[in-house]
Amino acid sequence: MHILVLDTIHGGKEISAAYSAAGCSVDAVDVYHGTTPDELREAPERHYDLVVAPVHLDPDHPVLARQKAPVITHHEAVRRLLGEHLPHPMIEITGAQGKTTTAHALASILPNKGVLHTSSGTYAYPSGDLLWKKSITPASEIAAAWYASRMPGWLIAEISLGVTGTGDLAIITSPDDYTVARGKKSAIREKIASASHARCVLVADGVPCHGENVVHLGDIVRCNGVQCTIEIEGKTCVLTNPLFLLPPYRTPLMLAAAAAMILHIDPAPLNHFTALPGRMSLECAKDLIIVDNSNSGTNAVTTLCAARYARYCAKASELTLVIGQVEGDGAVCEGFSHDQILSAINQVRPTRVVWVGRPPGLGTGQSGVLKGTIDATCTTLDEGKKTAIRLTGKGSIVLSVKTWR
């Protein structure tokens, strides 16, 4: 079989290697950065039996549009490559918000050995040792699944823009939508479509996914203050954790608890689950309360939540906001636009603003609105944090920088 794999930047190399190992003839083409000019030029004229393209590729891209062979996504290719030799249980998690928190929460309660593959790293459990750091493109799941199978142990895999549909459970953490493929595809529709092969699909409230294999979170879980009640198949569990008060944690913890019960695992250890670094974690410096909300899912909503939390913990209204997006951070698929950042600043009303990344250009409407608002400009999160500590005399600091962590 002669296969064309498009996009070597986001997992195409791993998919190509797996197909080659299976005895296929493979051409791998970089359709974004031009690092394979010969293949890019020759591919449109060649005959292929199968084309593998990422969900986010423009369907009208010249190389893709001229192919007559069947086209499958990277997600589908990984599903086929993994076959039936899978870890157990195997859980895949996708969604615009809450993937990493859901994954870590679920990993904290699964028994025995396993592998947790997330945007923050791939870890062996129960030791928590870092195995490697890779992107969460579907192709990265191949190595994680292989490692977990060899243990043997379970696998929890965070995947961008959908799931492969293999394993025991797929989770969609958020109904939030945005466009991909040069604005021609809906991200949430692609995620829902990718779950069509899944044995069981657990979806957050608002996700328009339906079918006999779909479980809606609101049908089995309810949350009231610090308490969460899960009822499924005649069994009931009540959890208590102050993190249920925080919107960025409420849904991920509810999903983790529901997933555990679907898998016939006791979710009780979630009573002791604590905030993750970069996801509303707390620290103190110079008598200042610092709330760290800097991760790949940072947006205006989580920024406002972090500010409320910081002011509550510090018992003071004075607050320094470190906000922006690290320039050139290719790991962040969905950006933190200047308009969104401005909206967050207007809602938080901070005492000071430390901007991380490239600010709006001079002469733009956004730069005019920000005039006199920005107290310092930095290039990295670490630099922004140090600057905020230096500038802030009392109250709190919120780190709300969109970056790979």
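Q: Where does Gln97 lie, and what makes Gln97 count as buried or exposed?
A: Gln97 lies in the loop between β5 (90-94) and α5 (99-107), where helices (H or I, at least four residues) and strands (E, at least two) are DSSP runs numbered from the N terminus. Buried means under 20% relative accessible area, exposed over 50% and partly exposed in between, with a 1.4 Å probe and protein chains only; the relative accessible area of Gln97 is 18%, so Gln97 is buried.

Q: What should be known about the model behind these values?
A: The model is predicted: local features need pLDDT of at least 70 and side-chain atom pairs count only at pLDDT 80 or more, while totals for chains, interfaces and linings use all residues. Residues are numbered from 1 along each chain as its sequence is written, and side-chain values use heavy atoms, with hydrogens and water left out.

Q: Which residues does Gln97 touch, not counting residues up to four places away in sequence?
A: With contact meaning heavy atoms within 4.5 Å, Gln97 touches Thr173, Ser174, Asp176, Gly297, Asn299 and Thr302 when residues up to four places away are not counted. For Gly297 there is a further detail, as its backbone oxygen lies 3.1 Å from a polar atom of the Gln97 side chain; a polar contact is a pair of N or O atoms within 3.5 Å, of which, within protein, one must be able to donate a hydrogen and the other to accept it, and residues adjacent in sequence count only if both atoms are side-chain atoms.

Q: Why is the pair of Tyr125 and Trp154 called tilted?
A: A search of the whole structure finds two aromatic pairs. In the pair of Tyr125 and Trp154 the ring centres are 5.6 Å apart and the planes stand at 55°, so this pair is tilted: rings of Phe, Tyr and Trp (its six-membered ring) pair if their centres lie within 6.5 Å, and planes under 30 degrees apart count as stacked, over 60 as edge-to-face and the rest as tilted. This pair links distant parts of the chain, since Tyr125 is in strand β7 (residues 121-125) and Trp154 in strand β9 (residues 154-158), 29 residues apart. Tyr125 counts as buried at 19% relative accessibility, and Trp154 is buried at 3%.

Q: What makes the pair of Trp132 and Tyr147 stacked or edge-to-face?
A: Trp132 and Tyr147 form an edge-to-face pair, with 80° between the planes and 5.9 Å centre to centre. Trp132 lies in strand β8 (residues 129-132) and Tyr147 in helix α6 (residues 140-150), so the pair ties together parts that are 15 residues apart in sequence. Tyr147 has a relative accessible area of 30% and is therefore partly exposed.

Q: How do you know that the charged end of Lys134 sits over the ring of Trp132?
A: A charge sits over a ring if NZ of Lys or CZ of Arg is within 6 Å of the ring centre and within 35 degrees of the ring normal; the charged end of Lys134 sits over the Trp132 ring at 5.5 Å from its centre. Lys315 likewise lies over the face of Tyr312, at 4.5 Å from the ring centre.

Q: How do you know that the length of α9 agrees with that of a helix?
A: The expected span of a helix is 1.5 Å times one less than its number of residues. The 16 residues of α9 (residues 247-262) should therefore span 22 Å, and the end C-alpha atoms are 23 Å apart, which agrees.

Q: Why is α9 described as largely enclosed?
A: Of its 16 residues, 12 are buried, so α9 is largely enclosed by the rest of the structure. Among the buried residues are Tyr249, Pro252, Leu255 and Ile262.

Q: What makes up the largest nonpolar core?
A: A nonpolar core is a set of buried Ala, Val, Leu, Ile, Met, Phe, Trp, Tyr and Cys residues joined through side-chain atoms within 4.5 Å. The largest has 81 residues, and those with the most contacts inside it are Ile91, Leu106, Ile156, Leu202 and Leu270. The largest share of this core, 11 residues, comes from α9.
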